[in-house]
Amino acid sequence: MSAAAICPITAGETRSATALHIEAGEHLIAAYAARSSGPTLIVIAGMHGNEGAGVRALQQLAFLLQPLQDQLLGRVYLIAGNTRALRKGVRFIDHDLNRAWTSANLDSSGRSFRERSVEGHELTEIDQLIDQILVTAQDEVYILDLHSTSAGGRPFATVGDTIRNRRFAQKFPVRLLLGIEEQLDGTMLEYLNNAGAVTLGFEGGRHGSPSTIDNHVAMTWLALVHADVLSADLVPDYDHQKRRLEAWSTAGRILEVRYREPVMPGDGFVMDQGFTNFDPVDSGQIVARNNRGPISAPESGMILMPLYQKLGEDGFFIIRTVAPFWLWLSGVVRNLRLPAVVHMLPGVSRCPDHPETLLVNTHIARFLPLQVFHLLGFRKRRWSGNRLVVSRRRHDTDSPFKRTDGR
Ligand SMILES: [Zn+2]
């Protein structure tokens, strides 16, 4: 399918390469779709409208990719997220677009949300655009989602915990954070990951900082190479792009989320001043306040994404380094397809309608530590009576897009 079928502009045509100029509802910044048989890379920026740095980066890249389009080995789509919020420079207008990708909003029961709210329109437009890209994919689909944060600190990538996502993410010389999307409901990447794409989020730095744009540009060049869409020797100053991002040694490069501080409207949440990403915190240390009093860190680790802006549902996260042995072990057991048979254990049963969800009777299965489920990729968990409900992502090890006809 050519890009012309999904947007009035044709493949290879670009919008402005310099100014942040976005029309409401015009999501496609550029598309290079001539080589339809190769892998697809979709890069999205500005899902939050106050994060214009990613959109500026994609506008620059659209300009830079134009002379290279004949040498692309697959399809590339550069997409702007919440266009109406980007025009106003606000995180969102009615709802957080990056929490709106729920089945309730996307199926027939979500019609009122889709028709009556600003983000409902945005959701419909982006979903239709991406859907048309996915249904015409003939090889692996990679999705990179560019964000920025209100606090300072080095960039990092967020990885939904599937083996395919991990394999892609580990090619990038940045710190990797596992499991953050599993803490949140309705993120775009979780939805698209469950649709079968390999997904990677990237927090490129502080909102509005010029270096954040450069980080996004570097990350996207590397994504083009690691998705096998562009040869590294065609990237302008590839080594420089890599060096820009690689500020971390291998030790402590992979982290996981241990805790999320939820923020509800009217909570009066205020983060204590001075925290930046990856600052160490001790268990019991007071880090924020709300209407009910001081808020302390529930465990020791590092602080991530402390909320220093008005809008947001996540006050801060506590993260910790993951031991390389643990990662290796979980890769081994998941490649052995052990998650597919774990429901045979006593006290564990499969949810009839959702094969990726398990019901655990904790009276019977109490000898199974939570970490076992974690190891097998069941990162989402909630309680229902005395039963623990754990679920994992679909498409952990196999791609639904890759042809199996021997090509
Ligand atoms: Zn964001």
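Modeller: Start with a definition: two strands pair if DSSP finds at least two bridges between them. Keep in mind that this is a predicted model.

Colleague: How do you know that strand 5 and strand 7 pair?

Modeller: The definition asks for at least two bridges. Strand 5 (residues 156-159) and strand 7 (residues 198-206) are joined by 3 bridges, so they pair, and they run antiparallel.

Colleague: What makes strand 8 a partner of strand 6, and of strand 14?

Modeller: Again, count bridges. Strand 6 (residues 175-178) and strand 8 (residues 254-262) have 3 bridges in the parallel sense, with L178 opposite E256. Strand 8 and strand 14 (residues 314-321) have 6 bridges and run antiparallel, and there L255 is opposite T321.

Colleague: Why are strand 1 and strand 10 called edge strands?

Modeller: The open sheet has 11 strands in the order 1-3-2-4-7-5-6-8-14-13-10, with mixed pairing. Strand 1 (28-32) and strand 10 (280-281) each pair on one side only, and they are the edge strands.

Colleague: Which strands does helix 1 lie across, and at what angle does it run to strand 1?

Modeller: Helix 1 (residues 52-65) lies across strand 1, strand 2, strand 3, strand 4 and strand 7, running at about 35° to strand 1. Helix 5 (residues 118-135) lies across strand 1, strand 2, strand 3 and strand 4, at about 165° to strand 2.

Colleague: What makes G74 buried?

Modeller: The cut-off is 20 or more other C-beta atoms within 10 Å. G74 has 25 C-beta neighbours inside that distance, so it counts as buried. G74 is in the loop between helix 1 and strand 3. Beyond its neighbours within four places in sequence, G74 has contacts that include R35, P39, D139 and D228.

Colleague: Is D228 buried, exposed or partly exposed, and why?

Modeller: A residue with 12 or fewer such neighbours is exposed, and one with 20 or more is buried. D228 has 15 inside 10 Å, so it falls in between and counts as partly exposed. D228 is placed in the loop between helix 8 and helix 9. Its phi is near 60°, a positive value in a residue other than glycine.

Colleague: How do you know that M305 is buried?

Modeller: M305 has 25 other C-beta atoms within 10 Å, and the cut-off is 20, so it is buried. M305 lies in the loop between strand 13 and strand 14. M305 also has a positive phi, of about 50°, although it is not a glycine.

Colleague: What span is expected for helix 10, and what does it reach?

Modeller: Helix 10 (residues 324-335) has 12 residues, for which 16 Å is expected at 1.5 Å a residue. From first C-alpha to last, helix 10 reaches 17 Å, close to that value. R337, with a positive phi near 65°, follows helix 10.

Conventions: Residues numbered from 1 in each chain as written. Predicted model: local features only at pLDDT ≥ 70, side-chain atom pairs only at ≥ 80, totals over all residues. Helix = DSSP H or I, 4+ residues; strand = E, 2+ residues; numbered from the N terminus. Contact = placed C-beta atoms within 7 Å. Axes fitted to C-alpha atoms, helices over the stretch in contact; angles between N-to-C directions. Expected span 1.5 Å × (residues − 1).
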